[in-house]
2 protein chains.
Amino acid sequence: MAIASRDCNRNGLLDVAGPPRKTKTPSSARAITADLVAVLVAVTDGEPKIMTIANAGALPSGPFEFKHRSLQSGLRAWVEAQTGHPLGYVEQLYTFADRGRTGDAQSPHSVSISYLGLTREDQIGEGAEALWSGWYDYFPWEDHREGPPPLLAKLLTPRLRAWAKSAPSAALQRERWQRAAITFGFEDREWNEELVLQRYELLFEAALIPEAVRESGNAATLVPGRPMTADHRRILATGIARLRAKIKYRPVVFELMPAEFTLLQLQRSVEALAGRLVHKQNFRRLMEQQQLVEETGAIAADTVGRPAKLFRFRHAVLAERAVAGTKLPLSRT
Amino acid sequence: MAIASRDCNRNGLLDVAGPPRKTKTPSSARAITADLVAVLVAVTDGEPKIMTIANAGALPSGPFEFKHRSLQSGLRAWVEAQTGHPLGYVEQLYTFADRGRTGDAQSPHSVSISYLGLTREDQIGEGAEALWSGWYDYFPWEDHREGPPPLLAKLLTPRLRAWAKSAPSAALQRERWQRAAITFGFEDREWNEELVLQRYELLFEAALIPEAVRESGNAATLVPGRPMTADHRRILATGIARLRAKIKYRPVVFELMPAEFTLLQLQRSVEALAGRLVHKQNFRRLMEQQQLVEETGAIAADTVGRPAKLFRFRHAVLAERAVAGTKLPLSRT
DNA sequence: TTAAGTTATGCTCAGGATAAGTATAAGCCA
DNA sequence: TGGCTTATACTTATCCTGAGCATAACTTAA
């Protein structure tokens, strides 16, 4: 059946010759299992939360069912039943299928399809074991809202430097350190909040993460941050990275907000996600000139300081234009 | 979007209570099959090509194998064997698992994991049925390098208008037309080259695409553009959209270029992908000020007009900095 | 009642990025 | 040599962005 050329031919990862999508599981060896993993995000009081299970040690996940029209609609239905709130925005994250990913060598024939979903924190369904956990519990080094967190300089930097030094050759040592410096913003490089996954993977590679060492690790050399089952923390990192990138060119923050909000609340939500502060006046200017929000006419009650106007998301923008950024010097002729 | 109700809860799409990733195929009903689909892109003489099989009617695809360490490395090995060229850049595209996706109702328990890969067109392995096809054969309306293609005004616009008009209510009619206008840039809106997938899906919904009507369609009302098996054209649209977005913030074009090239060749490649022209002088300024390229010292031979300097990609940039764009009014304090 | 603290909101300003165009250089070929 | 083509340098106007100042509108504690 497999006709691909050369030596990798014997097993043919991709079967060029055969007509596609007609392979009806020729051998049962090809039957695998799939499950879904969800990164469900909410922001409450300026803190980003994710839904967790297993005593905050895992993301909600479960076996794949073909009941629904699509994965997306299935996930949506499930979350709505769980939280009682409509799942505003759903987006596929990544499909993980690397061998040995789970640490469970015997059953590698599994695929995880992960999704990112945005909701609001509210009561979670009755008997559920689920709860909302702050996402910075899992990634303490990602919160730069009050400046670089102390553990960066105190713990991460020296340990990453030690890891770099432990490389066999001088060239490799430099390479490792440069990678660390770029992803973590050492040596007065800029902190790039989008590199969540790269940072996690670097720490993993440097064996500073419990998941990387499992049984064998001596906790003393590890880095703070709550671990998760299997590769769930990596999936979470993927989700955070995606969301941090997305809020910059798509109006998705609003999925995390109540119907009415002040501009400061909106700003705090953005800052919570991005893990860093934004310039207040400029943020407000951006919102207004892009016409993303409109005044409700009401005024926030119960506040310190001057009361703020309440705004709502202008859903119309979604219909009016396709929001997207460009960076090529396109010519308009 | 249809919102499924709560009754789906009975079977728990996601199994919150159970510990994750320990589901060892409780019932064989959960065993599914997976396959890979690859969107392999090359640019030759300023034309974007994709690798196809089945007489240009399908993307390379095949059953999933767990032989390799990861999906990615498996794909890479396969492509290198096929083309004789290293696969420069690989990125996961999307996992399709919607029911009824293939039109084959009997075996819906299949998942397709798709990848985007960038190479260069060269000899394809001997016995292979694979060949490179221009991607605008499949999406003629996407090529705006010589202005909006005539078929847009001549065919697409009237048929989409008819489709809009055929909606039951006036509100729906307006909504449909507005969607069409945004995605296709009607009524002096800007053409947004990134909306490849949205445009395809709109045409699909309007039943202007052969894949949407299958057996039942009368070709007269369809729209030009070569169809593909199953949902391969949708996957291709996903790939094109992703690539068009990516070239704007990541230096991936270089994966499609030979080792040495002139700035005009580079520009032509970008234009081929984006489907529109860029401003020559500004493009060149961008390349230089970002230090993405460096002169080789050599000069292009065999040219009309003044000979151009040859450049090469400065691979060092990848190590020096993490290229990424930001659009939030971040405060630097 | 007043001063101090807090948040909201309007406005300015400088520097940089962007889009576009002008001008000149350097090759080819008839 | 003149005309065609492409390469490359420079200029200009405009817009965007980051940053800061100033003032308004409240609350709270002295």
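Predicted model: local features only at pLDDT ≥ 70, side-chain atom pairs only at ≥ 80, totals over all residues.

Me: OK, how many helices and strands does chain A have?
Reply: Chain A has nine helices and eight strands.

Me: What does the pLDDT of chain A average?
Reply: The average is 82, and 78% of the residues score at least 70. Over residues 1-29 of chain A, though, the pLDDT is below 50. That stretch still has 71 contacts in the model beyond near neighbours in sequence.

Me: How much of chain A counts as buried?
Reply: Of its 333 residues, 39% do.

Me: And which residues touch the most other members of the largest nonpolar core?
Reply: They are A:V39, A:L236, B:V39 and B:L236, in a core of 141 residues.

Me: Take A:L236. What is it in contact with, leaving aside neighbours within four places in sequence?
Reply: A:L236 is in contact with A:V39, A:I50, A:L59, A:W135 and A:Y138.

Me: Switching to chain B. How do helix 3 and helix 4 of chain B cross?
Reply: Helix 3 (residues 170-184) and helix 4 (residues 196-205) of chain B have axes that come within 9 Å and cross at roughly 145 degrees. The crossing is left-handed.

Me: Which residues meet there?
Reply: From helix 3 of chain B, B:R179, B:A180, B:T183 and B:F184; from helix 4 of chain B, B:Q198, B:R199 and B:L202. The residues of this contact divide into three nonpolar, two polar and two charged.

Methods. Residues numbered from 1 in each chain as written. Chains lettered and ligands numbered in written order. Core = buried A, V, L, I, M, F, W, Y, C linked by C-beta atoms within 7 Å. Buried ≥ 20, exposed ≤ 12 C-beta atoms within 10 Å, placed from the backbone. Contact = placed C-beta atoms within 7 Å. Helix = DSSP H or I, 4+ residues; strand = E, 2+ residues; numbered from the N terminus. Axes fitted to C-alpha atoms, helices over the stretch in contact; angles between N-to-C directions. Left-handed = near helix turned anticlockwise from the far one by under 90°. Nonpolar A, V, L, I, M, F, W, Y, C, P; charged D, E, K, R; others polar. pLDDT = per-residue confidence, 0-100.
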